[in-house]
Structure formats: C-alpha cells, structure tokens
Amino acid sequence: MLVILGYLMIATFMVLIMTKRLSPMLALIMVPTIFGLFAGAGLGIGDMVIEAIGDLAPTAALLMFAIMYFGLMIDVGLFDPLVRFILRVTGNDPAKIVLGTALLAGAVSLDGDGSTTFIVTTAAMLPIYLKLGMSPVVLTCVAGLANGTLNIVPWGGPTVRAAAALNVAPSDIFVPLVPSLITGLVIVFVFAWLMGLRERRRLGTVELGGSVLAAAAEKMSPLSRELATAARGGGPGKAGVGVSMFTSPTVALGLRGGRADGSRADAPGERAIDNPGGPAGTDSENGTPMSGTLADTMLDPTRETLRPKLIWFNFALTVVVMVLLVLDLFPLAYVFMVGVAVALLINFPKVKQQSAEIVAHAPSIVGVVSMVFAAGVLIGVLNGTGMVDAMAQWLVQVIPNEMGPYLAVITGLLSLPLTFFMSNDAFYFGILPVLAQSAAAFGIEPVEMARASVIGQPVHLQSPLVPAILLLVSLANVNLGDHHKKVLWRAAVVSVVMLVVAVVVGVIPFG
C-alpha cells in the first residue's frame, strides 16, 4: 500500500504542476498532506513535516541571503560590464546567447554548487533574455542541463555520497566517467544551439538600440509605468525602472501579455495588473516574465542604486565570498549573511536605503524560500510514513534474478527516476548499497555500481526536492511545470547517452 501511495503521490504532484492545476508551492503542501493521511500518518503528520522543515532551514537561510546578496550586486552594477561583454561577443543573436548561457552555466558549475551557478547565470543572462524577448524557460532549461551534467564532479555531493556508501574513492568513480561527461556536455550544447535556433526563428535578430527602447517607453501608458515602478519598490518621482527598460518592445506594450497569475491576456494589449506589487506572471507560451524579477534594473544606466565608484570594492567582496564558499570554512548561509551586511553597510549607509533594498528583493526571496519550506511537506511525508523505504525495497524485489549481470546498467537507468523522486541521501545510502550487494554476486564491482548510480544526475537536478532548481525558476520567474516540460526529456536523453558511452568504453559492465 505504501508503495502504491508513494508513486501515486509523486505522479499526482507532477500532473498537477505540469498542467498548471496548482502552483508548485500549493501542490507541495496539499498533495503530500492528503496522501500522508491516507498512509496513516494521522496526527503525527505535523511532526514529520516540522522535522523535515528543520533540516531544510539552513538551506532556506542560504538561499534567502544568497538572493539578497546577488540582488544587491546587481543593483549596484557589479554585473553590468559582464552583461555588456556578453552582448558584444554574442551580439543580438538568440542562438549565440543560448549557447553562451550553456557555456557560462557549465563554467560556474565546476565549483560543484548549483545555487551559486544559477544565481550567477541568471544575474548575467536574464537581462539579455528579457531585452530580446527570449523565453526565460530556455535559460532555466539550458542552465539546469549544464549544471546537472557536471554534478558528477568528484567534489560534488552525489559522487561523494556514492563513494561513502560503497567505500570507494571519488576519483575512481569520476575519472573513468570523463568520456561520458564530455559526451553529455556535447549533447547539452547541441540542445542549447537547437533551442537558440528556435528562438532565432521566433524572434529574428532583435535590435537593442536605445531608440527602440525609448520609443517603446513613450508608448507605455502612465499606469504601466507606475506599476513597473511599484514592482521595483520605487514610488512616484523615484527612479523606478519601467518595463520597457528591460524587456523587448513587444512585451513592454503587452502584446504577449499575461495576468499576474500566469494566465494569458483575454485581449491584445491587456496588461498584467492583477498583482502589481508581487512576483510577476509569465507568458504561458514563451515563459516571458512581465515584471518583478531579480534583474529588473540591470543595465539601466540611470538607476539610483548604481555605485560605479565602489565597483572594485564590490568585486573584491564577491571574490572573498566565493572563495569562502569553496573553502567551506564557515556555514554557507553565514557567509552570505555577513556578505549582505557588509554590502548594505558600504553601498547603502543610510538606514532608509538599507530598508528599501531589503524590501525591493522581498518578492524573489519569498518565492524561493516558501517553495523550499513547502518541499519539506513532501520530504517529511515520504520519510515519516516510510514510503521511501517501501518504494526502495519494492524496486529491489521486482528485479528478476536473471537480470543480475545487468544490474549496473539497471542501476544507471533507475537512477533517473529515483533520484528525481527522492533525495540523494535516500538513494545513495538507502537503495544503492542493497543493489551493490546483489550485484556483487554476479561479479560487478562496487565502484562500477557507484559509477552507474551517478548517471541520473542531469535528471535529479530538475527535481522539486532540489532547492537549487527552485531557486533557478524563482529567479527567472518561470513556472516549474513549464521548466519540466522543456527540460526533463532532454535531461533523460543526456543521462542515457552518458550511460551508453560508459558501457561502450567498458567502465560500466553490461552482461
């Protein structure tokens, strides 16, 4: 019964968010609650959830202050030169921009931390997507694929977990998989280029000249300007940034507009005014945010928050923060807390300015932190009711004995759905040791099982149980269901190709 309820719960959740019947946060709360009660959790369901939320609290704190820190760096202009450089290199060609997104995400992913990768990639690339009218779903898809593929590096979490669970060296897992990794990255870049070509066909080559943006601004209604200013946190008479300053003219005029709940506008030109102060809606067809994103003010040379005289201080501060993250000398959340405090103190010495900056980034923070804590309901019910253990034991039992010589390949294939539906800890410490013990009877070495177990990481990184992906879609203001529609099948292709290459080169046995 627990097995049936577990898989049915996951399937229900996925259907609801991909069909947009419920927002991801509501689905993460309501679906596990209902299924948990059916599983006999009773009054204990509250304790299960609170325990899981307690485990997620450090992650929520990390994401909260990381968003605030990089939001401050965007406001003061730290990333403006980087974006201008990328624009010079890629021009206004959507295909080159999407490929550049993959390259940037892949380079930053080498640090092994998904949250940092997504913050930096979004901060650098989202303003360009918005200016060109490109779909941010493409950005989240490409960034998620690149980060997921590189998540098998030996200093990353999955490889370390597999090594610890089977008592093997992380380098023995990773080094033989380098051909698979290279092939996987090639597939990611191919997907990026194809998605970029599709965006190029949809948009053509878009002119980013100031005259175009100025003309769009002139056509905006006073209400649209006021709403755009309010969404950024400015008031009448302040240097709020109009929508036309960071989106394409088409989006600025509302010709592809959507309401704040993400639905399509009923008539051409209808503006998204349902929730002017909260997170923006997205165009359901192209995933284009209307307003209220982390990078709203980026590249606007007139914004009040610019601090050009402090750019080298902010650069040095960011380098220090990044070094401390890599060295892991302090808890990551604390590093960002101190970073935010120093950045606010130096760049915005007045208390009123500090309060305004904090409030300005509240929509992005609330969006991602609420999703993290909501994920605690799903994790708490899965663990507390015993669904995870039951699902794992059932999978091991249903594998026929005659399939024993192929257990390494089976493990690689199972890692795709299992690491998506459950945490890495549950898979690597709960399921992998059992599979490895069974495989040993057929002459399959533990290190070979460990290599197979990390193959599914491109899919795992797209799971709603991974806080980093919640951060990515929140920063880009993309619906999680839209992200899954575009990324899951591509991630599965990358994983399967990596598995095939590993079998061909002989580092994962087949029969």
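This is a predicted model: local features need pLDDT of at least 70, side-chain atom pairs count only at pLDDT 80 or more; totals for chains, interfaces and linings use all residues.
Residues are numbered from 1 along each chain as its sequence is written, and side-chain values use heavy atoms, leaving out hydrogens and water.

Colour by secondary structure. There are 24 helices and zero strands (DSSP runs numbered from the N terminus: H or I of at least four residues for helices, E of at least two for strands). Among contacts between residues at least 6 apart in sequence, 77% join residues at least 24 apart (contact means heavy atoms within 4.5 Å).

**First stop: H2 and H17**

Select residues 24-38, helix H2, and residues 362-384, helix H17. They pack at an angle of about 20°, with axes 8 Å apart (axes are lines fitted to C-alpha atoms over the stretch in contact; angles run from 0 to 180 degrees between N-to-C directions). H2 and H17 are therefore roughly parallel (angles under 35 degrees). Show side chains at the contact. Pro24, Met25, Leu28, Ile29, Pro32, Thr33 and Gly36 of H2 meet Ser370, Met371, Ala374, Ala375, Val377, Leu378 and Val381 of H17. This contact divides into 11 nonpolar, three polar and no charged residues (Ala, Val, Leu, Ile, Met, Phe, Trp, Tyr, Cys and Pro count as nonpolar, Asp, Glu, Lys and Arg as charged, the others, Gly among them, as polar).

**Second stop: H3 and H15**

Next, select residues 45-76, helix H3, and residues 332-347, helix H15. Their packing angle is about 30° and their axes lie 8 Å apart. That makes H3 roughly parallel to H15. On H3, the contact residues include Phe65, Tyr69 and Phe70. On H15, Phe336, Met337 and Val340 are among them. The tally here is 18 nonpolar, two polar and no charged.

The structure holds six aromatic pairs (Phe, Tyr or Trp rings, the six-membered one for Trp, with centres within 6.5 Å). Zoom to Phe420 and Phe421: their ring centres are 5.4 Å apart and their planes stand at 75°, so the pair is edge-to-face (planes over 60 degrees apart). Phe420 counts as buried, at 6% relative accessibility.

**Last stop: H21**

Select residues 446-453, helix H21. Seven of its eight residues are buried. Charged side chains sit in that set: Glu448 and Arg451 are among the buried residues.

Notes. Angles under 35 degrees count as roughly parallel, over 145 as roughly antiparallel, 65 to 115 as roughly perpendicular and the rest as oblique. Buried means under 20% relative accessible area, exposed over 50%, partly exposed in between (1.4 Å probe, protein chains only). Rings of Phe, Tyr and Trp (its six-membered ring) pair if their centres lie within 6.5 Å; planes under 30 degrees apart count as stacked, over 60 as edge-to-face and the rest as tilted.
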